[in-house]
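Trainee: Could you walk me through one part of this model slowly? I would like a close look at the ligand site and what lies around it.

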Amino acid sequence: MQSNIKIRNGKIQIKTFNRSNFVLHFILSFLVLFTIVAPFFLEYGAIDIQTAIFYTLDNLKMMFLQPALSQVTLTAALYQILITLALAFLSTLIGAVISFFLAILSAKNLMPSYISNVIIAFNSFIRAVPTVLWVLIFAIVAGLGSVAAILGMTLHTIAYLTKAYAESFEEIDNGMIEALRATGAKWWHIIIHVVLPQTSSYMVSWTFLRFETNYGVAIAMGAAAAAGGIGFELFMASSFYYDLHEVGMITYFALIIALILEFISIRIKNKLIGSKS
Amino acid sequence: ADTGNANTSDETSSNQENASNEDTSKNDEPLTVVWYPNESGNELKAARDALGSLISEATGREVEHKLTTDYAIAIETIANGNAQVAFMGAQGYIEANEKSSDVQPLVVPSGASGTLDDAVYYSWLAVPKDKAEEYKTNGEFDINKIAGKRFSFVSASSTSGFKVPSEAIVSHFGEQEEYKDLTAEDLAESNDLFPEVLFGDSHQGSAVNMLMERSDVSAFCDTCVSNYVELVEGEANTPGAVYKVKDDAAAPFNNLTGKEFTLISVTPVLNAPFVVNQSVLSPEEITALEEAFTSDETANNEEIFVPEGSETPGLFEKSEGGNERFVTAEDAWFDPIRELSK
Amino acid sequence: MQQVLNKEPINSSVEISKKVQKGEVILKVQDLYKSYNRGTPVLQDIQMELKQGEFISIIGPSGAGKSTFLRCINRMIDPTSGSIVFDNTEMTSLKKADLRKQRSKIGMVFQHYNLVSRLSVFENVLHGRFGYKSTLQGVFSLFSEEEKELALSILDKLGMKEFAYKRCDQLSGGQKQRVGIARALVQQPKLLLCDEPIASLDPNASKIIMDHLKDISETMGITVLVNLHQVDVALKYSDRVIGLNKGRIVYDGVPEKLSNSAIRDIYGSEIEDLILE
Amino acid sequence: MQQVLNKEPINSSVEISKKVQKGEVILKVQDLYKSYNRGTPVLQDIQMELKQGEFISIIGPSGAGKSTFLRCINRMIDPTSGSIVFDNTEMTSLKKADLRKQRSKIGMVFQHYNLVSRLSVFENVLHGRFGYKSTLQGVFSLFSEEEKELALSILDKLGMKEFAYKRCDQLSGGQKQRVGIARALVQQPKLLLCDEPIASLDPNASKIIMDHLKDISETMGITVLVNLHQVDVALKYSDRVIGLNKGRIVYDGVPEKLSNSAIRDIYGSEIEDLILE
Amino acid sequence: MDDRLDIIKKKKIQMTVVLLIMLLITMGTSRLTEFNFIEGFQSIPGTIGWMAANLIPGAEAMENFSKVLSKLWETIVLSIISTTTAGLFALFFALFGSKTTKVNGPLAAFSRLIASVFRNIPVVAWALVLVISFGHNVVTGYFALFFTTFGFLVRAFIETIDEASMESVEALNATGATYFQMVFRGVLPESLPQMVSWLFFMIDTNIRSATLVGLLTGTGIGYLFDLYYKRLDYETVGLITICIIVVVIVIEFISNKVRRLIL
Ligand SMILES: Nc1ncnc2c1ncn2[C@@H]1O[C@H](COP(=O)(O)OP(=O)(O)OP(=O)(O)O)[C@@H](O)[C@H]1O
Ligand SMILES: Nc1ncnc2c1ncn2[C@@H]1O[C@H](COP(=O)(O)OP(=O)(O)OP(=O)(O)O)[C@@H](O)[C@H]1O
Ligand SMILES: [Mg+2]
Ligand SMILES: [Mg+2]
């Protein structure tokens with residue numbers, strides 16, 4: 001065999017060391033080892049696994065096989081869901097608009113990296129502060145109600161969407177931006193006429209995913225901030241009445257909403273992507 | 001609320017002369033009442049509305065109810081004046097009052113005597129019935145025996161499910177050399193006294209912990225589980241009383257029907273007050289509120305004080321032949337609870 | 001006619017004189033050096049004069065610096081030293097606004113077309129007018145009727161009028177390249193830079209594109225500077241061929257005089273490397 | 001020799017007889033129809049016989065069904081009706097395991113190479129052996145020394161041995177295409193299907209690839225079926241040219257007889273469309 | 001001009017219609033929830049002031065530091081093990097759910113549906129079911145994180161596989177490779193780096209959502225957060241938050257480094 005072919009133990013090697021695979025394997029092995037070893041260092045207390053599983057299954061059965069509304073009427077529940085949706089919508093919308101501008105600032109192909117680093121750090125900060133705490137702070141400053149709930153949720157929406165948008169912006173083919181720069185176009189022209197049309201389908205998809213998440217968050221936060229919504233019923237049903245049937249019903253509503261949102265999102269996305277596929 | 005406005009319009013306008021502070025301009029603005037999660041249930045809507053129209057009639061202002069699921073938010077809201085009136089547990093009042101001395105008690109629902117003397121409910125320490133004997137010394141229940149057991153509280157912010165029992169335990173064991181450094185705060189986690197500490201997140205949850213034997217001893221309050229259990233032995237609210245989970249008990253007790261538990265310790269807890277923030281209400285408004293709450297008319301309002309045995313749930317109950325009503329309370333009345341936090 | 005095209009940004013009725021005399025120097029490059037990140041120079045000691053209406057090809061092996069040179073001219077990248085005088089203006093010292101103005105007079109055609117694929121042909125072509133627009137006009141796509149007619153007449157000339165409303169991701173390669181050319185022409189440039197405009201096209205489409213470019217330089221008096229890999233194409237179309245090797249000009253003259261030995265000079269040892277057996 | 005190659009999957013010392021007689025029919029297509037989603041047929045009434053060692057080009061306008069035809073042969077897509085007999089086995093009725101076995105005897109070279117870009121050249125080439133392996137052997141890359149040597153000798157023959165350990169994303173287009181060919185050859189196929197193997201390559205690289213393919217068919221007796229856009233290339237290399245238009249075979253014969261009128265038949269009105277002026 | 005409606009005008013009209021509809025919904029929803037934009041934005045400066053005044057941990061709060069650290073460790077462990085185990089399951093569901101590697105249509109639809117269900121069952125509901133059965137316990141926390149992570153990772157992995165592997169899947173199928181050969185030698189090498197990057201993202205997300213999950217299930221840092229939050233001890237809450245921020249930023253930093261190395 002010729003010079004560049006590596007042989008070890010009489011066998012021909014089919015790959016050689018390369019750093020990226022090494023790091024990849026290292027990380028994966030680390031995660032696997034960690035997952036195997038770390039649980040031994042946690043304190044568990046006493047659990048009777050058998051009864052625990054029996055209870056879990058029994059609870060799941062009550063939730064999903066026998067859903068029912070008892071404390072609230074169906075119309076009241078639907079109205080509360082509408083409120084929750086409205087809270088989620090507003091925080092997603094405000095978040096999305098602000099995120100768009102922040103994302104432009106934090107996309108590495110559109111802005112110098114020191115600006116984007118500042119925004120990324122700012123985002124990490126916002127994301128790390130629990131939503132409840134944000135809502136509490138806004139409730140103290142702005143009073144109880146939708147303002148506190150929506151602003152609290154908006155902050156996390158911003159942190160999340162800025163990251164998602166910025167990553168899609170960074171995937172834009174640099175050539176397009178370059179082509180417009182070469183015609184003497186201004187920066188805003190490029191944003192509106194290249195970045196926006198090219199990424200709109202990704203943005204729709206991320207925004208709807210966040211809308212879906214925000215609906216879940218709005219359930220909890222609407223109730224905490226006294227802005228109303230189905231979360232209040234869920235809270236009462238779960239920690240006050242322990243009414244698993246009602247919890248199950250409300251969960252079904254949440255699932256239906258999520259599926260509808262996913263459906264709309266796919267429709268819009270396909271429309272934007274166009275007739276290509 | 002509209003009729004209330006008409007009735008009291010004279011009064012409010014005359015008030016404006018006297019009250020020369022900035023509040024006068026706010027009088028048309030709605031008045032916010034904050035409710036704790038415990039009182040936020042839908043079935044209590046009628047009761048809340050009855051109290052709302054009471055307040056609205058007294059002050060001539062529209063009332064907005066704010067129902068929150070978060071204790072901290074409720075406390076902060078009343079403390080910084082984003083709400084004028086709140087109904088909160090004694091412990092919550094203490095904390096709000098510490099944040100702002102403008103928060104003061106307005107009235108407290110009384111006991112059957114119609115006075116502050118029996119304006120209490122009870123915090124229990126309960127153990128499974130078949131283990132009850134283990135907690136006795138010479139035939140008497142002995143709190144010393146809970147040392148080394150698995151313990152379950154309700155949640156760290158609960159008056160009757162954490163504050164009261166933990167302070168009672170600390171003051172009892174603190175006298176012993178072994179535990180003299182123990183503080184109530186330590187009890188929130190595994191400690192020298194309890195190898196394992198759980199939280200049930202609700203009174204029901206704490207009870208379930210004990211009934212499922214995840215904990216040996218659980219703390220919870222009487223009224224919170226009254227829908228699920230019935231007395232089978234002994235005198236209510238005394239050590240040694242045995243309660244049984246009702247056969248038709250709803251979740252989370254539905255798999256635990258028929259189980260029995262014994263009380264080994266009972267501590268009275270002060271009733272929850274209505275509180276006001278004085279910086280956002282004029283003294284006249286506060287007086288008017290006090291009068292409205294303590295009136296006989298209110299005491300006889302069956303939407304507010306629901307007669308015992310009635311089908312409709314209410315915030316407060318009127319026992320047979322009892323004289324339950326709202327009575328004014330001073331800040332000092334809460335000192336026993338305040339002492340616990342020190 | 002020539003003056004109309006140069007002075008007036010808009011000339012809707014695009015009448016074209018059949019032959020423009022070549023004369024006036026439009027681009028003068030002196031002592032141009034370029035190195036990336038202080039590495040070895042990619043361009044060295046470049047001297048060049050281009051006249052109006054000339055058709056010039058630059059050939060050279062991969063990595064010779066052809067693309068770098070083109071990009072230096074319209075300052076898509078900054079040269080390290082040297083002078084580039086375009087249309088009587090020194091390009092190297094220009095500040096933003098002035099640079100944009102100069103760029104609007106230089107059209108650029110890219111190998112990978114660099115069209116905004118989600119937008120229609122018409123919109124992509126109109127992007128060429130951004131250099132003449134204020135920020136707001138551009139952002140809201142406020143184009144005058146004259147501009148739209150200009151765009152359509154150019155599309156017509158390139159045989160693309162019927163596709164005006166088609167989305168660019170539905171076009172074939174040759175069609176896309178013609179849109180790219182139309183975008184550059186709608187700028188009404190004095191100089192057209194083309195970086196390997198036919199590298200990814202099949203022979204038919206290549207011929208069409210090269211014919212168009214030739215036509216543009218002949219009938220509209222636009223100077224056309226093309227980077228090419230195909231020596232035969234360069235010889236066939238150019239008034240003048242420039243050979244680049246390792247960042248230096250090694251040939252500059254009429255195609256007829258480009259001998260085999262000159263080709264060897266240009267491609268160096270690379271020829272042997274390319275044809276492996 | 002021919003028998004060795006056909007019967008024995010492994011033949012490490014790849015000795016190759018210089019000329020294999022063409023004879024035996026290896027692929028017989030009868031009455032083939034294909035339509036996507038019950039739409040208009042993309043392939044209609046296709047009849048074809050390929051002999052061992054033949055080199056056949058399929059030409060035709062874009063959308064004629066060339067790719068579809070190739071994919072029908074190895075059942076990457078299922079034909080709507082008709083019969084495809086490869087190596088004495090009816091392909092259309094095969095079940096999973098048998099289909100895999102047949103596929104392993106048909107190599108496929110893709111326009112976009114379709115390499116696993118993060119793996120080494122060597123690994124990618126060995127993927128061609130999966131058809132001869134059990135699942136576990138394949139998953140854990142357990143290849144015999146003979147197989148490795150076979151892979152190396154093919155890489156050597158294609159001038160790619162020195163890149164054996166290089167990651168595929170670091171190769172040039174022509175190099176990648178040669179890896180793709182090596183992967184198909186290591187299957188020791190009887191039939192090689194190539195879908196536009198030179199469409200995205202420069203003329204030099206194209207020549208190298210076509211020369212290789214020709215060489216393979218001549219020296220190893222492998223039947224090679226190539227989709228092409230370039231008529232001149234097809235004429236130069238093929239033993240036989242098949243013209244496809246709108247899903248029908250409109251020409252099938254030696255390249256020498258392919259008249260201009262036949263080309264017009266094949267490309268139909270498309271020619272006028274392509275060359276606009 | 002062309003007699004067809006000018007495409008630019010048409011787009012502008014479309015945009016205006018879309019914006020008008022959005023505006024209407026916005027107005028409708030703000031009426032419904034009594035949301036006031038102006039009030040909202042006016043309150044932002046106040047929040048910064050409040051945070052500065054209340055959340056900066058003082059000496060007293062620092063006494064809890066060791067407790068916070070030990071719970072933080074528990075949270076990190078929980079986040080990592082729930083992410084890796086959920087990732088393993090998600091991988092298989094994603095393989096079955098992806099366009100390129102699906103076994104058949106119904107199974108693909110099924111695994112997408114399962115993922116969507118797991119994603120959208122409110123955490124409150126999970127916590128409730130699990131807390132009743134398992135009590136306050138790391139196992140509860142683990143499961144609560146596991147289920148939501150699983151739901152999200154399936155979707156993320158599906159998109160990764162769809163994006164990265166179409167072509168190599170095709171090539172391997174053409175060589176006659178079996179399903180698992182195709183998956184392990186074609187799909188995984190291509191999409192693993194991006195998947196690892198998603199794993200990091202989820203570890204990071206889980207540490208943050210550990211406050212919510214912990215609050216409901218009484219585990220990890222969220223338990224402490226809840227404890228001090230309910231006692232209105234904001235300085236310690238601030239300390240906990242700062243710890244989370246530090247961990248999140250460190251993980252983001254590592255994840256970026258790793259991404260650059262493996263992609
Ligand atoms: N952004 C950059 N940073 C550093 N070096 C670069 C950069 N762009 C190009 N180079 C280097 O500069 C040299 C010339 O590159 P250039 O792209 O101009 O060559 P070219 O002649 O256009 O080649 P090709 O025919 O392959 O397009 C090459 O060695 C290249 O590696
Ligand atoms: N998956 C598919 N679903 C539906 N229609 C398809 C699909 N793939 C191809 N077609 C249609 O089938 C026809 C033939 O396509 P095919 O890709 O076979 O053409 P081709 O001859 O290879 O063209 P090209 O030279 O552009 O590659 C086209 O009209 C195409 O639109
Ligand atoms: Mg170049
Ligand atoms: Mg094709």
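Mentor: Happy to. Let us start with a term: a polar contact is a pair of N or O atoms within 3.5 Å; within protein, one must be able to donate a hydrogen and the other to accept it, and residues adjacent in sequence count only if both atoms are side-chain atoms. By that rule, a polar side-chain atom of Y36(C) sits 3.4 Å from a nitrogen atom of ligand 1. Please keep in mind that this is a predicted model, where local features need pLDDT of at least 70, side-chain atom pairs count only at pLDDT 80 or more, and totals for chains, interfaces and linings use all residues. Residues are numbered from 1 along each chain as its sequence is written, chains are lettered from A and ligands numbered from 1 in the order in which they are written, and side-chain values use heavy atoms, with hydrogens and water left out.

One is 2.6 Å from an N or O atom in the side chain of S67(C), and a backbone N or O atom of A64(C) lies 3.2 Å from an oxygen atom of the ligand. Taken alone, ligand 1 exposes 630 Å², and the protein buries 57% of that (accessible areas by the Shrake-Rupley method with a 1.4 Å probe; for residues, only the protein chains shown count as cover).

Now the wider shell, meaning residues with a heavy atom within 4 Å of the ligand. Among its members are V42(C), P61(C), K66(C), T68(C), E196(C) and H229(C). By class, the shell has four nonpolar, six polar and two charged residues (Ala, Val, Leu, Ile, Met, Phe, Trp, Tyr, Cys and Pro count as nonpolar, Asp, Glu, Lys and Arg as charged, and the others, Gly among them, as polar).

R71(C) and E178(A) join their side chains in a salt bridge of 2.4 Å, N to O (a side-chain nitrogen of Lys or Arg within 4 Å of a carboxyl oxygen of Asp or Glu). Between chain A and chain C the count is one salt bridge, along with 12 residue pairs in polar contact, both at pLDDT 80 or more. On the side of chain A that touches chain C, helix 8 of chain A supplies the largest share, nine residues.

How values were computed: Helices (H or I, at least four residues) and strands (E, at least two) are DSSP runs, numbered from the N terminus.
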